[in-house]
Amino acid sequence: MRQVIVAGNWKMNASKETVNTLIMGILSGMADVDSNVIVCAPSPYMSQVEALITHSQLHLGAQDLNVNASGAFTGEVSADMIKDFGAQYVIVGHSERRSLYGETDEIVASKVQVALDNGLTPLFCIGETLEQREAGSMEAVVSRQIQAVIDRVGIGAFKNIIIAYEPVWAIGTGVTASPQQAQDAHAFIRSMLTQNDASVAQTTPILYGGSMNPGNAAELIGCEDIDGGLIGGASLKAEDFLQICKAG
Ligand code: PEP
């Protein structure tokens, strides 16, 4: 039985005031939540979040990492820096990183490796664009994205990886994959893992991401191969995020 995981990706949305309100709001409703809940904060706010969530059930994640340990990489954040703020998770390969910052499958695979080498759990994002879906290439795209990581770290490493299937056409658009579309993609991803290692496939969490909200979360998370959600927009409102956390 895989535990439901709900991760909020705040992206570049935060201020000291909103972080305080959001975290206090989430904490006030956590007593009824059984899911493993993670908030992925922008780097400048990680210290604030760390202080606010001490001794709570909430976990902290970062939104990206640099593969280098330290040095002349202006603007970048290393795995050690992320860990310094008590974070255990890091989003890797988000479609915005892939499309806006040119992250290839190979770069994403290196980031997964560096996260794992440093004891961080990567939230490894994959997913096809609308054009790719309409061309019937969803399976080919996600296979290629996963294979790059298997080639780099081996299938056994997926014991410590969380996959997030995020169809690009559903991210931030208000268009959600139907439960059937999402389940079909998740089942395909799990079958690919099974071909490599059946026991790893059974334990690897596969989250859905793409306009998940309080109205659709229960049905999506209720699907056999959907183990939770990576939430963008709806993670910025404590009430909405909590409802999704409780849907699991
Ligand atoms: C995301 O950015 O990972 C995401 C799923 O965003 P949204 O929920 O806003 O579609």
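Start with the largest pocket, which has a volume of about 640 Å³, in what is a predicted model, where local features need pLDDT of at least 70, side-chain atom pairs count only at pLDDT 80 or more, and totals for chains, interfaces and linings use all residues. A pocket here is an open set of points on a 1 Å grid over the protein atoms alone, where a 1.4 Å probe fits, with protein on both sides within 12 Å along at least five of seven lines, and lining residues have an atom within 4 Å of a point; the volume is the space filled by probe spheres set on the points.

Then colour helix α4 (residues 95-100; a DSSP run of H or I, at least four residues), which gives the largest share of the lining, three residues.

Show the side chain of H94, where an N or O atom is 2.8 Å from a ligand oxygen atom, then the backbone of G172, where a polar atom is 2.6 Å from an oxygen atom of the ligand, and finally S211, whose backbone N or O atom lies 2.7 Å from a ligand oxygen. Taken alone the ligand exposes 290 Å² (Shrake-Rupley method, 1.4 Å probe), and the protein buries 95% of that.

Residues are numbered from 1 along each chain as its sequence is written, and side-chain values use heavy atoms, with hydrogens and water left out.

Note on methods
Helices (H or I, at least four residues) and strands (E, at least two) are DSSP runs, numbered from the N terminus. A polar contact is a pair of N or O atoms within 3.5 Å; within protein, one must be able to donate a hydrogen and the other to accept it, and residues adjacent in sequence count only if both atoms are side-chain atoms.
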